[in-house]
Structure formats: structure tokens, C-alpha cells
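Please look through the sequence and the 3D structure shown here before reading the report. The headings below follow one topic at a time.

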Amino acid sequence: MVEFSRARRFFAQISYVALSGLVILISLVPIDTFIGRAFPLTLFAITFATMLRSPKIVPLGAVALVFLFRDILYFQPIGLEAFLVVAIIYVVRNARRGLGETLGKEWGGFAVAVCTLAILKVILTMALMLPPPSLGVMAVSVLATIIIYPLVTAALAFQFGLRKPIMA
Amino acid sequence: MAEIARDGFYKRKLKRLSLFLLCVFLIAITLVWRIDNTRGERIRLAIMDQVVPVANFINAPLVRFSNLMLNLQSYERLQAQNEELRRELQQMRAWREAAIQLEQENARLLDLNNVKLDPELTFVTGEVVIDATSPFRQSALVNLGTSDRIQDGWAVMDGLGLIGRISGVGTDHSRILMITDSQSRIPIQIKPSEQKALMLGDNTALPALEFIEREDQIQPGDRVFSSGDGGVFPPDLLVGTVVRATDGRLRIRPAADLLRLEFVRIVRHSPSAPITLPDRLIGPTLPSVTRGPNKVNDG
């Protein structure tokens, strides 16, 4: 695990929030982009990968803030997805030692996490008596996010020098 | 050593407590939003009023670039396009001539019959600033709000067909709920069979057609218009054409290009006053009974 000085860690956290904000805003461009349409869970992939690499950069408060902002801008139930993501990231953070070993394991863990997120979201939406999302579209976006996950990890490694920690 | 261990213990406890509070806070937000939905949506729109200018600033280069690419693509086949347009123009001139003649004839006939028509609908044009199409919601944000006298429920069209309706108005922005959203239900009329039905959005590109009385009279290719029932929309706005989807159901292909929204028209529409007193409709208003004795007293 990379040890940061306090100032560097704070800078990294701010960068995470700023980058996430940028991803959200760009995905809202009213042109025919595929980012916002096919990969609404890209942000979850970024958060997940960063958390596995260096959990200090993504404190749960920041995650909650980012996904609350996303809920508001995406016209989703405010706070619902933020709660689910915080809960899932917390669970994964406690189990990250087993996930960090190989890319295959990490990828599998991510797939499970995304599916859990999607299923819980559908269940909670129904529990709140809201109209459920179309399952077909949801399945496509979940699959797309799982497929691009290695690209996200590669981008994190090359752009920000975040590599997988060697677990003791 | 023991002190450090105890320190860590308390730290962990504190962390767990703050996580718990965070979760409670998020759930509380969700519940408050669900219970007081209108206020929640108003707060959301107020936040968006602040965020949208920033988003536009950040996204400006991206939009520019994408338009540039689209333009480059069209330069490639400029020659072919030019010829095509010239041919089309020629045909259109002929049509225009015919339309003018028909319009004059129509006006003469209407005048002869003394027909009173509905006043023509007026519209405001706005620009789409945010496109929040997700698996859950099909909506967009347009840069017109209460400062432009936009009202909830007004129909939104592109140049050709219906896009959706206004659902939520902020000061400078309002939200368009598209016809493909799973919350959208719009009474429609299918021509030429004149059957009324309901268009149900289900988050797919083609909204479904429901509550049709006689399905055998409807064929793929029939045109669909808003029926004006329930006073939701003005009647006779073009919606799209009927298609049979791969799942065997009758669906509607919207005439509007919902994937590439740039400018939209918001149709001003105030439904005509409902008839509440049926006796007013038939015959003149009768003189009230109390008037007689009053007059006697006066004299």
C-alpha cells in the first residue's frame, strides 16, 4: 500500500471528487455520446478500482457525496444509489485482501459487486413503489460496465500511477 | 502499547459509527424525497439551475468537437448532397404551389360554412442543455423556466413530432419527461381508423400501444396523433407511426428524433374551461326566481 503524506492524500481525495464530477458532467452532454447511455455505472468502476488500489483516496464520505450528486443530476431517486454504493464499497473494502491478488479475481469481484448493486437497486425501487427500470437496458449497462473494467484499471495505472498493491 | 491499542479500538468504533450515520443520512434523504416528492424535485431543479451553466462551460469544447466531426462527415459528400437537395427543392416547389392553392380553397370553404376553428397553437423554442437518459429515466433539461412562463404539463415537440411533456419547472430550466419514459402515458388517436388508445413509455426506444379496441383495424404504418383526451395535450400533434416490434406487440416509432435533441418547441396550451354546470350548456340562462318579489317591494 502506498503511504501518503497528509497533504498528498488530501490532494488525491480532492482529485477523486473532481474527476468524478467531471465524468458525471461529461456524460450529460446533449450530443449522441455513448458514455452516458451505455455506461452509466462507469463511475462505480472508477470508485471500485481506486478503492482496491488505495482505499485512503476514496473515503466513504466522498463516495456518498459523489453519488448523491450523480443521483440528483441523473433524475434518479435522490440518495438511493448513493446509499447502495457506500454499503457495497464498505463491504468490498473489508474483503479487499482476497480480491487484490490477480486481475481475474478482481474482475470477478467487480462483476459480483455490479450485479449486486443492480439487483438491490431494482428491489429497493420496487419497495419504494417507484416504476422499476427496464431490465433489458439495465442488463446491457451492467454487462458493458463489467467489460470495460480492465480499461478503467489500465487508465488509472497509466494516468495516475495507481497500481495494484502487493498484499502481504 | 496498550494505549495505542485502545486508541485504535476507539478509532475503529468511531469510524463504524460515522459510517452508520452516513447510511442513515442517505436513507433519510431517499425517504424524504419519496414522501415529499414535489418539494424534492423542486430542490433538485434548484440545484440543477446552479450546475447547468458549469456543465455547459465544461462541455462546450466537447460539443464543438462533435459538431466539427459531424460537419466533416457531411463535407465529404457535399456534391452528392447538393444535387439531392436541388432535386428535392424542385419537387417541393410543386408541392408548395399545390399547398397554397389548397389553403386558399380551404379558407374560402371555411368562410362559406362559417366554421369556428381552434385558435392556432403558439410555441416557445428552447435549447436542450442536459440529456439525462439512464436506464431509469428518459428525460432532458431545456433552458426555459418560470422566467419564460413555462408551465407544468405543456407538450414538447421537435420540428416534427412529440418528444414529451414538461415535468418540473425551475427558474431558468425545466425538465422534459420523454414519451419513452416509463412514467409517460399519453392518450392518442390512430389514423385513418380513428381509434383511441394509450401510449405507454417503457424505457425502450419504441413506446407501447395499449387499450386498443379493435387491433385488427390497425396496421403498421398508420399514423399516430395526440387525441387531446383528458386535456393533457392539445389534439392532433403528430406522435409517430405504428410498427410491429420484434416482440409481436404494436408499438409506436416516434416521429421526433429522440436521440439527437438540440432545439425543442414547447407548445403553449391552456385547456379550454371544463363544463361544470350542464344546464348552462342548453338554452339561455333563466331569470332567477327571487327577482319578482324584490321588484314589488321596490315599487
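Predicted model: local features only at pLDDT ≥ 70, side-chain atom pairs only at ≥ 80, totals over all residues.

## Helix α7 of chain A

Helix α7 of chain A covers residues 103-127, which is 25 residues. From its first C-alpha to its last the helix reaches 36 Å, close to the 36 Å expected at 1.5 Å a residue.

Which residues of α7(A) are buried? They are E106(A), F110(A), A113(A), V114(A), L117(A), A118(A) and K121(A). These buried residues pack against α3 (42-53), α5 (80-94), α6 (96-99) and α8 (135-160) of chain A. Just after α7(A) comes M129(A), with a positive phi of about 60 degrees.

## Helices α4 and α5 of chain A

Two packed helices are described by the angle between their axes and the distance between the axes. In chain A, the axes of α4 (residues 60-73) and α5(A) come within 8 Å and cross at roughly 150 degrees. Because angles over 145 degrees count as roughly antiparallel, α4(A) is roughly antiparallel to α5(A). The crossing of α4(A) past α5(A) is right-handed.

On the α4(A) side, the contact is made by L60(A), V63(A), A64(A), F67(A), L68(A) and D71(A). On the α5(A) side, L80(A), E81(A), A82(A), V85(A), V86(A), I89(A) and Y90(A) take part. By class, the residues of this contact are 11 nonpolar, no polar and 2 charged.

## Where chain B touches chain A

The contact between the chains takes 40 residues from chain B and 35 residues from chain A. On the side of chain B, the elements that give two or more residues are α1 (2-35), α2 (37-76), β1 (123-133) and β2 (138-142). The largest share, 11 residues, comes from α2(B).

## Backbone features in loops of chain B

The peptide bond from K191(B) to P192(B) is cis, with omega near 15 degrees. P192(B) is placed in the loop between β6 (185-191) and β7 (195-200) of chain B.

R149(B) is not a glycine, yet its phi is positive, at about 60 degrees. R149(B) lies in the loop between β2 and β3 (155-157) of chain B. Is R149(B) buried or exposed? R149(B) is exposed, because 10 other C-beta atoms lie within 10 Å and a residue with 12 or fewer counts as exposed.

F211(B), also not a glycine, has a positive phi of about 55 degrees. The loop that holds F211(B) runs between β8 (208-210) and β9 (223-226) of chain B. With 11 C-beta neighbours inside 10 Å, F211(B) counts as exposed.

Key. Residues numbered from 1 in each chain as written. Chains lettered and ligands numbered in written order. Helix = DSSP H or I, 4+ residues; strand = E, 2+ residues; numbered from the N terminus. Expected span 1.5 Å × (residues − 1). Buried ≥ 20, exposed ≤ 12 C-beta atoms within 10 Å, placed from the backbone. Contact = placed C-beta atoms within 7 Å. Axes fitted to C-alpha atoms, helices over the stretch in contact; angles between N-to-C directions. Parallel < 35°, antiparallel > 145°, perpendicular 65-115°, else oblique. Left-handed = near helix turned anticlockwise from the far one by under 90°. Nonpolar A, V, L, I, M, F, W, Y, C, P; charged D, E, K, R; others polar.
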